[in-house]
Amino acid sequence: MIIKLENARIYDPINKINGKVKDLYIKNQYIVDKPKSGEKISKKINLKNKIIMAGGIDIHSHIAGGKVNLARLLLPEEHREHLYPSSENLRSGSGLGTCSSFHIGYKYAKLGYCAVFEPAVLPSNARSAIIEMSDIPFVDKGTYTVLSNDDFLLNLIQKKISQKKINDYVAWILNSTKGLGIKIVNPGGINAFKFNQRALDLDEKNKKYGITPRSILKVLTKSLIDLKAPHPIHVHGCNLGVPGNVNTTIKQIKAVEGKPMHLTHIQYHSYDNKGDRKFSSGASLLAENINKQKNITCDVGQIMFGQTVTASADTMSQYKNHHFARPKKWICADIECDAGCGIVPFEYQDKNFVNSLQWAIGLELFLLIKDPWRIYLTTDHPNGAAFTAYPKLIKLLMDKSFRDGEFEKINKEAQKSSVLGNLKREYSLYDIAILTRAGPAKVLGLTNIGHLGIGAKANITVYNNKEDKEEMFENPFMVFKDGNLIVKNGKIQKVFNGKFYTAETDFDKKIEKEISSYFQKYMGRGMESFKIKNQELWDYGIETENIKCDRNDY
Amino acid sequence: MKNINFTCPFCSLLCDDVQLEIKKNSFKPVNSGCSLLVSSLKKKINDQFSRVNGKKTNISEAITELSLMIKESKSTLFTGMATDIKGTKAALNIIDKYKCIVDHFSGDSYSKNLKSMQETGGFFLTLSELKNRADTIIIFQSTGEELPRLFEKYIFPKKTINNLKKRKVIFIGTKVPKFFYKNKKIINFEFIKLDSINLLNFLSSIRNSINFETKEAKDKRILYLLDILKKTNYGSILWNASEFQNDISDVIINEINLLIQDLNKFTRFSGLSLSASDHVLTVNEVLLWQTGFPIRTSFANGFPTHDTNQFSTKKLIDNKEIDLVVWINSFNEKSIVINKKIKNVLIGIPSHPQKNNVDIFIPVGTPGLDHNSHLLRVDKVVSMPLKKIRNISLPSVDQILNKVKEGVTDDN
């Protein structure tokens, strides 16, 4: 069956289409070329005055895993405030920042998103996180497995083991945990916190292993390049949230010596320590560096005002921040000799100096980093805000007068400390399509999503062309996933599951002997129980899409 | 006769280092003396019939009857819920759609932990951290009977990553675990005898000393423990809610969680609750991700409503606030409460002694014996894959419940 979407204005940056009126054809879940004469078009949908983009891609959103469930456990009050009844074809649910699984899928679909990546899956928790994700409908999914704090890896680095062997270990982890990428979280710092170190800067040594975050960062960055992994190393750096950390972030950029690196939620890593309050914006400084360093991509982790909950593997930072918990309760955990986890509820307030400046810093970064192909739209859901805030964030980027109005409402001292009011840049629809579709697809090494060219998945979002961009982006007219109409005028039509992306790589199997012995002695379970087998995923109806590690543009 | 590797489903340690000698469909552990494993494998299956009103029938008739009952019920409780991830998912699919209530065998004790988590949070750890990192382990009144190999594998292990030579193990409670006495020649531990009420006072005094550095004369035991806490590099505290005096257990747990938070101001400490019987944690995790709430949640309003007091199994049955109760237990023969004034259904293992006393009995297999499965360990982080090893054609809970749901929907 061929469906023709006609007369819409199309924004498809990967194919360099900027607002041209063009027809699209869908056949068997994919976008196809114009049918030959005689080939039957089963359905024509006239989309005159509508706008089309590929389905959105969220490169960094905490949608599953132990940390999200701990946050749900900690905050029944948040869930009681956001209750969703069941209906004929939809399950009931609750929550906003830590929304229950089915409704994460429903909400993303309603926003026109078709792929979401869970960025902090601990190796030990990967199996249940993936099973949990099988209850998030519609969107394609994938995970980044957290390395950089596990005792096995740190021991290898301490012993100055060859890069080749580290690559084997990284590849083994990717395969065993079904990850698409590898994420660094506070390299060495989570481990150091287990030995009661309360901070660890880029060149400070971990007490136990005597190695620095810099050495871990370098080794893992190289590893992903050597493996030709789809996505370069995804980095949550040292000193998250610490005033003055922008200098550490810049040092980290220099540390990788021009190699590709994705810096995540940079808003939390862009703080300077100037002024009376020893807290100021480092956005200009960081943007200047990122503008120069073409090897760096980033997502912002914008904060939006209101109640949310922060959830992170960075136990060191989360423990430090627990004093700011609102409501006053928090959870931390030391996890399985591989990482940790911290849950701290947060209320970002527009009258609070620090929160206001955090908000402004995020927007400054969006507006000062020039190349939209290297910066992606995230709120680090739910850390900065729930992903449902994206439409408002898009309006802030596209509409200077609205932005100025919002800027007027924040803490006055923060206004004085920010250059935001002087920034005139307004994002275009084409730019937004890059930030939310084309850019993330490109950096993730995924060629069949994020665009509307022939052969792409028919993941298509149709918007009403409205002056108010928040209204436009929060309620797409139609959303197609794999060629199926899943949302029309905000109403979900048909429920099914998307695919699960994994990276497919090879490694020297000899490393399993050492890993197996390590598991046997220390881990309380065997290596075979750690490795996730394909059959286990298929048993939950999870269809995998394996991405070969053959990226050749590093 | 041959030997196979086996992951044991009978407690939340989910040990995967077990070897079984297999002869037809009978199994004998070769390298484990775990009492729970041995007794669980010994259960004899005399028949595998379903029963309706005590009379043997075929499984499809029993499923049809159950579908009809759910359809006619004004309020159904699913409880026991001793099942795996898939079983929980299948149950929730019905519970949500047909506006039922869900609780668990361990509802009473686990809800004490829940309450503390919801009020204060906490600082936790997983089993490998416990095994490899802790130089001090304090155990509050936990005999370890629910997790028989906990002490052997994780408290007194042979090897640790951090080469911990001198681990301090302190047991505080009324009854020292049997394991400690049996092994007293090869392990070192200390015992502070305290009942629940004195334990609560003890915890409060320790917390006061840490937070306010009170100089009042102290109990020697408090001084001793404070000294140990100060010398600890990484400590762990373990407890089991079901072994504290019930009416104050939530306060004790709260004090423990707060104590751990206090200790982290100057050293590293973390805790682990050992309340995990009948895989309550597996069920709870699925509930949390699918609905946003833990056990003791009702869907009567069309959306989840969570209340640890209102939706207790005992209360709902005693007060006849439900007209149908569906008990699920795929692991053991734990006794169920039967109130003849309401309908009672048991989806259980074929040897369950109460199978003739309920309105409907449907036999199911055990995860990891009769079908592949996934269960979560006591630390909630690690999920283990379990493999079918027995071929006696017993269906799984999810297979039964998926059929039941089809039946309810068909009748519409």
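Trainee: Which residue with a positive phi follows helix 8 of chain A?
Mentor: That is A:Lys228, with phi near 55°. Keep in mind that this is a predicted model.

Trainee: And helix 8 of chain A itself, how many residues does it have?
Mentor: Helix 8 of chain A has 14 residues, 213-226. From first C-alpha to last, the helix reaches 20 Å. That is close to the 20 Å expected at 1.5 Å a residue.

Trainee: Which residues in that helix are buried?
Mentor: In helix 8 of chain A, the buried ones are A:Pro213, A:Ile216, A:Leu217, A:Val219, A:Leu220, A:Thr221, A:Ser223 and A:Leu224.

Trainee: Switching to the interface. How many residues does each chain put into the contact?
Mentor: Chain A gives 62 residues and chain B gives 64 residues.

Trainee: What area do chain A and chain B bury between them?
Mentor: About 5,300 Å², with 51% of it on carbon and sulfur atoms.

Trainee: Why quote an area at all?
Mentor: Interface size is often given as the accessible area lost when the parts come together.

Trainee: What about polar links? How many salt bridges cross between chain A and chain B?
Mentor: The rule finds 6 salt bridges across that interface. One of them joins A:Asp334 to B:Arg268. Their closest N and O atoms are 2.7 Å apart. There are also 48 residue pairs in polar contact across the interface of chain A and chain B.

Trainee: Which element of chain A gives the most to the side that touches chain B?
Mentor: Strand 18 of chain A, with 6 residues.

Trainee: Which strand of chain B does strand 18 of chain A join?
Mentor: Strand 8 of chain B. The two run parallel, and 5 bridges join them. In that pairing, A:Trp330 stands opposite B:Gly121.

Trainee: Is strand 8 of chain B mostly covered or mostly open?
Mentor: Strand 8 of chain B, residues 121-125, is mostly covered, with 5 of its 5 residues buried. B:Gly121, B:Phe123 and B:Leu125 point one way. B:Gly122 and B:Phe124 point the other way.

Trainee: Now the sheet in chain B. What is the strand order in the 9-strand open sheet?
Mentor: The order is 5-4-18-17-16-6-7-14-15, with mixed pairing. The edge strands are strand 5 (55-57) and strand 15 (305-306) of chain B, and each pairs on one side only.

Trainee: In which sense do strands 17 and 18 of chain B pair?
Mentor: In the parallel sense, over 4 bridges. B:Ile347 has B:Ile362 of strand 18 as its bridge partner.

Trainee: Two single residues before I go. Where is A:Val185, and is that residue buried or exposed?
Mentor: A:Val185 sits in strand 11 of chain A, residues 181-185. Its relative accessible area is 0%, under the 20% cut-off, so A:Val185 counts as buried. Beyond its sequence neighbours within four places, its contacts include A:Val146, A:Ile190, A:His236 and A:Asp314.

Trainee: And B:Ser196, in which helix does that lie?
Mentor: B:Ser196 lies in helix 8 of chain B, residues 196-212. At 11% relative accessibility, B:Ser196 is buried.

Trainee: What lies 2.8 Å from a polar atom of the B:Ser196 side chain?
Mentor: The backbone nitrogen of B:Gln245. Leaving aside neighbours within four places in sequence, B:Ser196 is in contact with B:Phe244, B:Gln245, B:Ile248 and B:Ile252.

Methods. Residues numbered from 1 in each chain as written. Chains lettered and ligands numbered in written order. Predicted model: local features only at pLDDT ≥ 70, side-chain atom pairs only at ≥ 80, totals over all residues. Heavy atoms only, no water. Pairing = 2+ DSSP bridges. Expected span 1.5 Å × (residues − 1). Buried < 20%, exposed > 50% of the residue type's maximum accessible area, 1.4 Å probe, protein only. Contact = heavy atoms within 4.5 Å. Buried area = accessible area lost by both parts, 1.4 Å probe. Salt bridge = Lys/Arg side-chain N within 4 Å of Asp/Glu carboxyl O. Polar contact = N/O pair within 3.5 Å; in protein donor to acceptor, adjacent residues only side chain to side chain.
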